[in-house]
Amino acid sequence: MTTSSNTKPPWELLSRGILSENPIFRLALSMCPAVGISTTVMNGLMLGVAVLLVQVFSSVTISLFKNQIHPRIRIPTYTLTIATWVTVIDLVMAAYLPGAYAKMGIFIKLIVAFAIITMRLEMFACKENATDSFWDGVGMGLGFMVGMVVIGFVRELLGSGAILGYDVLGFKPLLFFILPSAGFFVVGLMMAFFNWVELVYKRRKGIQL
Amino acid sequence: MKDILNIVFRLTASCLMAAVVMGATFIFTDKAKKHNEHAREERTMYRLLGYGEGKPVPSTLALHQIYRYVITEPGRQLIGYLVPTTNAGKIGYTLVSLDLEGKMADRKTVALDVEQSREKEARDKAILAVIGPGKEIRFADHTIVVTDNGKRVAYLLGGKFPGFKTFINVMLALDQQYTTLGLEVLENEEDPGLGAEIEKDYFKNQFKGRTVDVLKGLQVVKEPLPDQYRQALEGRLADADVFRIMEQFKDKNIYALTGATISSRMLTDGLKGMVGKFVYRLDILDRVLKEQKIAVSF
């Protein structure tokens, strides 16, 4: 594996994952599990935390061992690394954080197949140092979490008339929003919103479109 | 060739490292995980029996586990019940085997203590050791008989049956007359926000207070859940009001979850089957235990 030395400040790596390269709204990765689960704010938050943990541990591991990974088997190695961390986090949480595990257990096991994690290992961690990979992992994990919480908020409010399980509307305005297909609908709307924000930002800054 | 060997070596090394990390984590966490699972199971059981914060578990209450096995031997199949027995005040275990007509076929003392009996592997090994070679066993389910001062007060049944997506794993509490005391959905993979609502109080508590005869005839109806009933199911009213409303609805059908009628029906049918079979099997087991004068702890 080749290495590069374009070290960036942590805040830039963090904000990139949350805004300009948000895994859901900008990169459109890991959409199927995301829309399948994000029916409530709490589900979104739990899956977000689980992805954050696995992303950070996997990114740092790949970054540390990047010179020992043969280029032809890098994808199997990434999958193995992600699966190992998913298993470790699953076992540790089940043993020492049973309360949190009761809520998050199902989400953690889902993460092995998340494209966003593999993509960050391929695009970033296998080229950069461990510190940058850590911040990139945190940024991407937070970006995913923010995306999931926002989608969960819209879907829970419109589908169940509730927020964080508390009935706020007293009725279910659009049950359709609970269904997985509506997840894509919400993601589409959010993508349009992000594109619009980017457009406005660039216009104001005088950046050529 | 050199490249292939290099890849094989690196991939093998990666797999070994992953195995070491996962294995070490498993060794360090296994005991705590099992302890948590057992504690969680116990909490669920006591909650279903009505104990918890504000109502401590009495010291006279005891849980007696019965494990049911299917024993296959050449030419016939038996149903084996691993039951706790008392001998000079000490708890031991006896495997009571019945033929498919419910008649006593065999009886063996199994060398197990209470702690070992909770571990499936230790249990299976001890049973295989006493039934002899050439036979196979398959664990079917387990039931808990609850006694207070030696008198039976309730039963806790574990069950797993098909849902809309995959399997639904439940624990059900019945009183000594087989009326439902409570239901807990332990695991399910139904659709979040739709079928997964089976674990919510406003759905699962609809089964509370149903006698075995009412339960057998329960149907699922696609009607809106009355608001007052929902409040009672969620425990948002005073105890007296909850009791009054639950009494009004105790013979009514189950209100289906909005957008998840199949999940509602699968759970209802699963419980009906579970309770029906349990009552039938327990009657047979009790008769055999009495006839054979087996000194069970319950």
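A:Phe176 has a relative accessibility of 37% and is therefore classed as partly exposed, a term that covers the range between buried (under 20% relative accessible area) and exposed (over 50%), computed with a 1.4 Å probe on protein chains only. A:Phe177, at a relative accessible area of 6%, is buried.

The model is predicted, so local features need pLDDT of at least 70 and side-chain atom pairs count only at pLDDT 80 or more, while totals for chains, interfaces and linings use all residues. Residues are numbered from 1 along each chain as its sequence is written, chains are lettered from A and ligands numbered from 1 in the order in which they are written, and side-chain values use heavy atoms, without hydrogens and water.

I turn now to ring pairs. Rings of Phe, Tyr and Trp (its six-membered ring) pair if their centres lie within 6.5 Å; planes under 30 degrees apart are stacked, over 60 edge-to-face, and the rest tilted. By this rule there are 18 aromatic pairs over all chains. A:Phe176 and A:Phe177 are edge-to-face, because their ring centres are 5.6 Å apart and their planes stand at 70°.

In chain B, the rings of B:Tyr178 and B:Phe278 have centres 6.0 Å apart and planes at 90°, so this pair is also edge-to-face. B:Tyr178 is buried at 13% relative accessibility, and B:Phe278 is buried at 7%.

In chain A, ring pairs join A:Phe25, A:Phe193, A:Phe194 and A:Trp196 into a cluster.

Finally, the charged end of B:Arg230 sits over the ring of B:Tyr202, 4.0 Å from its centre; the rule requires NZ of Lys or CZ of Arg within 6 Å of the ring centre and within 35 degrees of the ring normal.
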